[in-house]
Amino acid sequence: MSSAKPHFTDRFASRLDDCGTEDAFVVLAQAKALEAQGRDIVHLQIGEPDFDTPRNIIDKAHWALDHGYTHYTGSAGAMEHREKYAEYVCQRYGVEGVTGENIVIYPGAKPIVFLTAMALVDPGDEVIIFDPTYPGYEAAVQLMGGVIKRLPLTEDTGFRFDHEQLKQLVSNKTKLFYLNTPQNPTGGVLTQGDLDFVAELAREYGFYVLSDEIYNRFVYEGEHASMLKVPEFRDQLIFLDGHSKTYAMTGWRLGFSVTSPALARRLTLLATNSFSCTAAFTQVAGIEALLGDQSGSQAMIAEFKARRSLIVDGLNSIPGVSCTMPKGAFYVFPNIKEYTEKAGRTSLDVQRYILQNYGVALLAGTSFGKNGEGYLRLSYANSRENIQKAIDLLREAFASLA
Ligand SMILES: Cc1ncc(COP(=O)(O)O)c(C=O)c1O
């Protein structure tokens, strides 16, 4: 007797059955659905600058299209472009010895998160991530069969981590640590001392560190601490950067990594076998972004700094809500425990209630890990006018929850 023929809809690969997602995109879709019904929504859910890409970058892309940059390049990017990205890295971080061989260019920064997990994580390998943190790391590790170990970030330290807790988490099974500074979702930043400490442990236990520094220009107090500045740590480092945030280029899809040449070759193999290469003309425009006139980006970042004060002051003026002043990125992570654990609700309940009843789209802290319970994440990549409108609506919303 032949067994029943399976129906094709039951034949999706099971590895995606428990795969996580990025709630920012889920809530964006919900907010758009409400807008389609005629509702007015203030969008504070997604990390996307509301500015246009600076003119010099757009002009360079036009130029590149007109000058034949319309073909495949090498999978890691054209070597002449990789050399330019390397030149930028050396300039920006005051380091030497980064060359084109260290650089791989990708369509967005997110592929770096994913392909690094694919290149390094075998089933059963342990991978450390912050909690709360950017959700892309966990999804990538889970898909490779890795085991997640969570390192808490707490409000009282400005969302830095406890060195002793990290020490307890690492072992010879640790393969990779996804580190992020300035952070999504908290806006917290790490110190150079924190990074030195990570490097010391990584050397001792032989694990890799992916340092996601995509928000490196969004540092409002002091200097950006970078893993690239840690001496003698290049061979275990995957440095991640991208154009999406700094140059308002989310839709262009452009990012790059700095690694050892050996790891760059493994990542390039994955690039060849997945997307072939990043669009040639965007690679060229990306050079203009990094090495050309910075005034557009600088003006945008100055505006974000002003918005940061507006949103933090606004949130702190709402009874029962408290928000520390984040030092980086463009997110705030207010504490709303008065309205959650003290009132028998979750952050997700509050997120849904506020969107449905007050038209403000924001995210529950738990979209970034269980330590995010009792918090919300708001992106201030929106106009001052809209931020003020959101604060007024939130004041009413929380009054109705009190
Ligand atoms: C911490 C972090 N890393 C990486 C990314 C991905 O950036 P991209 O849009 O360039 O893929 C994001 C985007 O939100 C992010 O917040």
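In this predicted model, residue D349 belongs to helix 11, which covers residues 347-358. D349 counts as partly exposed because 15 other C-beta atoms lie within 10 Å; a residue would be buried with 20 or more such atoms, and exposed with 12 or fewer. D349 may also be set against E48: the two residues stand 301 residues apart in sequence, and their C-alpha atoms are 24 Å apart in space.

Seven strands form an open sheet in the order 2-8-7-6-5-3-4, and their pairing is mixed. At its edges are strand 2, residues 103-106, and strand 4, residues 147-152, each of which pairs on one side only. From one strand to the next, the twist averages 20°.

In general, the strands of a sheet pair through backbone hydrogen bonds, in either a parallel or an antiparallel sense. Within strand 7, L240 is the bridge partner of D212.

Helices also pack on the sheet. Helix 5, residues 136-143, touches strand 3 (126-131), strand 4 and strand 5 (174-180). The direction of helix 5 makes about 160° with that of strand 3. Helix 7, residues 192-205, likewise packs on the sheet, where it touches strand 5 and strand 6. The direction of helix 7 makes about 165° with that of strand 5.

How values were computed. Residues are numbered from 1 along each chain as its sequence is written. This is a predicted model: local features need pLDDT of at least 70, side-chain atom pairs count only at pLDDT 80 or more; totals for chains, interfaces and linings use all residues. Two strands pair if DSSP finds at least two bridges between them. Helices (H or I, at least four residues) and strands (E, at least two) are DSSP runs, numbered from the N terminus. Axes are lines fitted to C-alpha atoms, for helices over the stretch in contact, and angles run from 0 to 180 degrees between N-to-C directions. Two residues are in contact if their C-beta atoms, placed from the backbone, lie within 7 Å.
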